[in-house]
Amino acid sequence: MISAVVYIIFLGLLFILISRDKEDRYCALFLGILLFPSCIWTIDSPKMLVQHIFLYTFFAIEIGKNFPEFKRAIKEFPLKIPLLLIIISFICTVYTTQGLNPKEYYSLLRYVIDLYGYLFAAYLLGRKADTKTILNKLFIPLLILGFCGIFEGMFNVNYLYKYICLAFPHYDGFYDLAGDINACDSWRIRTLLTTTYPTAYSTLLCGLILLYIPNLKEIEKKNYLKVLFVAILLINLLLCGCRTGMVCAGAALAFFIVRKWPVLVKITIVVALVFASFLYAQKVIENFSQENRGSSLQLREQQLIFSIIQIANKPVFGNGVSYLTKYIFETDTYGDRIRDDDIMGMESILFPKLINYGFAGLFLYFLLCGWIFVYFYKRRHLHSMASTGYLLIFAVTVFFIMSGNMGNASAYIYLIIGLILGNIQKLEKSSEDIDKTKEIESKPAETDVRDE
């Protein structure tokens with residue numbers, strides 16, 4: 001019975017994605033990626049995650065119905081240069097490790113689409129959709145899911161994740177579906193809602209907090225509902241137990257609040273923070289150095305040494321696409337993950353990027369992040385969403401460096417960044433069209449003056 005409800009929601013979101021337009025399609029895509037974690041799939045060969053069904057269905061509709069617009073969007077995509085360089089780097093990685101094996105290039109194609117497809121899909125919709133309408137449409141579903149997150153934290157059990165995963169034939173998550181799903185440690189509460197891992201949930205919450213809080217004026221709800229919504233997001237961030245998420249979201253919000261303050265006030269705040277950091281640095285180091293208290297500094301040092309050893313022979317382009325998953329974090333005959341206790345799960349995006357794609361891949365990853373930051377920062381006066389964009393990419397880049405990209409967490413962020421990219425570009429085009437119209441209208445007037 002519960003599985004039937006899960007499939008009704010799944011098919012309902014697919015129907016909206018196929019039949020509706022603009023804002024509804026974005027909401028269906030976003031909720032589809034959010035509700036169905038990246039550890040479940042329907043088809044085993046070729047492997048098709050439930051999340052990917054939404055992504056590939058979207059592209060099939062776009063290419064089939066709006067192919068001229070699809071080509072135009074590719075041409076005007078503001079991130080095509082860094083992404084093209086990344087793809088070339090990936091091709092070099094495959095060629096230097098696997099030669100001309102067609103199967104490996106197919107795996108690379110799937111990897112690129114499954115990773116960056118969310119960014120381009122959201123950008124396509126952002127070129128046409130109204131962001132304000134999307135924020136309002138997602139408000140109630142996100143509020144309901146937020147209450148589910150609080151329920152999970154209060155009772156230390158996650159029924160939502162369990163029954164969604166049980167509804168599909170293939171599962172490869174961290175938790176045993178035969179019992180109660182509980183991600184808590186002995187010393188902290190940890191919630192994950194419908195994501196794969198608490199760290200992934202924290203990434204999602206960072207994105208939602210930085211999307212909604214700076215743009216609360218755009219939400220057409222009563223003030224008490226807005227306050228409740230913000231409180232729910234912040235409580236969920238605390239309950240997921242990820243210190244990195246709390247720090248990154250807090251720092252980005254602080255930047256947003258003080259961005260228009262006088263320079264002297266900003267300098268005073270920076271000096272005060274530097275002074276405070278000196279006073280409390282030792283306590284912070286001691287906290288992060290404790291073993292069995294999350295990811296310690298010693299653990300990250302071990303992971304760094306391990307990564308350097310792994311790329312010693314192939315430092316430029318790395319060991320291959322998904323090498324870390326295939327050959328380091330293997331699974332046993334029962335499908336359970338085998339992890340080395342000395343390196344755990346590589347809690348920083350630096351290490352898997354370095355091992356899989358070498359220094360070239362790592363450099364180009366940061367080039368893409370920097371490109372996005374600069375694009376939004378230059379347009380921060382055009383719309384408040386641009387400020388959301390550069391603060392979000394800054395916060396998430398720091399987040400991924402400190403805690404990694406677990407459970408396809410980048411998909412949530414790319415869906416938000418892509419939406420803002422498309423929306424900002426749409427606003428720029430509107431401004432250019434208005435300026436051109438004014439120029440055209442002013443020319444006859446100038447001619448009349450000369451004639452007189």
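In strand E3, Tyr 171 is the bridge partner of Ile 40. This is a predicted model, in which local features need pLDDT of at least 70 and side-chain atom pairs count only at pLDDT 80 or more, while totals for chains, interfaces and linings use all residues. Residues are numbered from 1 along each chain as its sequence is written, and side-chain values use heavy atoms, with hydrogens and water left out. The chain holds 17 helices and three strands; helices (H or I, at least four residues) and strands (E, at least two) are DSSP runs, numbered from the N terminus.

**Whole chain**

- Of the 452 residues, 48% count as buried, where buried means under 20% relative accessible area, exposed over 50%, and partly exposed in between (1.4 Å probe, protein chains only).
- The chain exposes about 22300 Å², and carbon and sulfur atoms supply 65% of that area; accessible areas come from the Shrake-Rupley method with a 1.4 Å probe, and for residues only the protein chains shown count as cover.
- Among contacts (heavy atoms within 4.5 Å) in the chain with a separation of 6 or more, 76% are between residues 24 or more positions apart.

**The sheet**

- The three strands form an open sheet in the order E2-E1-E3, with antiparallel pairing; two strands pair if DSSP finds at least two bridges between them.
- Strand E2 (47-49) and strand E3 (170-171) stand at the edges with a single partner strand each, so one side of each has no neighbour in the sheet.
- E1 and E2 are joined by three bridges in the antiparallel sense, and the two strands form a hairpin with two residues between them.
- On the E2 side, Asp 44 has Lys 47 as its bridge partner.
- Strand E1 (residues 40-44) runs antiparallel to E3 and is joined to E3 by two bridges.
- Trp 41 stands opposite His 170 in E3.

**Nonpolar cores**

- A nonpolar core is a set of buried Ala, Val, Leu, Ile, Met, Phe, Trp, Tyr and Cys residues joined through side-chain atoms within 4.5 Å.
- The largest such core has 120 residues, and those with the most contacts inside it are Tyr 26, Phe 30, Phe 36, Phe 54 and Tyr 212.
- Helix H6 (residues 102-126) gives the largest share of this core, 12 residues.
- A second, separate core has seven residues, including Phe 306, Tyr 323, Ile 355 and Leu 362.
- Not counting residues up to four places away in sequence, Phe 36 touches Val 6, Phe 10, Leu 13, Val 50, Gln 51, Phe 54, Ile 164, Phe 168 and Thr 194.

**Helix H3**

- Helix H3 (residues 50-65) has 16 residues and reaches 23 Å from its first C-alpha to its last, close to the 22 Å expected at 1.5 Å a residue; the expected span is 1.5 Å times one less than the number of residues.
- Buried residues in H3 include Val 50, Gln 51, Ile 53, Phe 54, Phe 58 and Glu 62.

- Arg 25 lies in helix H2 (residues 23-35) and counts as buried at 2% relative accessibility.
- Leaving aside neighbours within four places in sequence, Arg 25 is in contact with Ile 16, Leu 17, Arg 20, Phe 58, Ile 61, Glu 62 and Leu 125.
- The C-alpha atoms of Arg 25 and Leu 13 are separated by 8.6 Å, with the two residues 12 apart along the chain.
- Thr 93, in helix H5 (residues 80-98), is buried with a relative accessible area of 0%.
- Apart from residues up to four places away in sequence, Thr 93 touches Phe 317, Gly 320, Val 321, Asn 356 and Tyr 357.
- Thr 397 has its place in helix H16 (residues 384-403) and counts as buried at 12% relative accessibility.
- Phe 366 and Cys 369 are touched by Thr 397, not counting residues up to four places away in sequence.

**Gln 425**

- Gln 425 sits in helix H17 (residues 410-451) and is buried, with a relative accessible area of 9%.
- Gln 425 and Glu 76 are 349 residues apart in sequence, and their C-alpha atoms are 9.0 Å apart in space.
- The side chain of Gln 425 reaches the backbone oxygen of Glu 76 at 2.8 Å.
- Leaving aside neighbours within four places in sequence, Gln 425 is in contact with Glu 76, Pro 78, Tyr 123, Arg 127 and Tyr 375.

Definitions and conventions:
A polar contact is a pair of N or O atoms within 3.5 Å; within protein, one must be able to donate a hydrogen and the other to accept it, and residues adjacent in sequence count only if both atoms are side-chain atoms.
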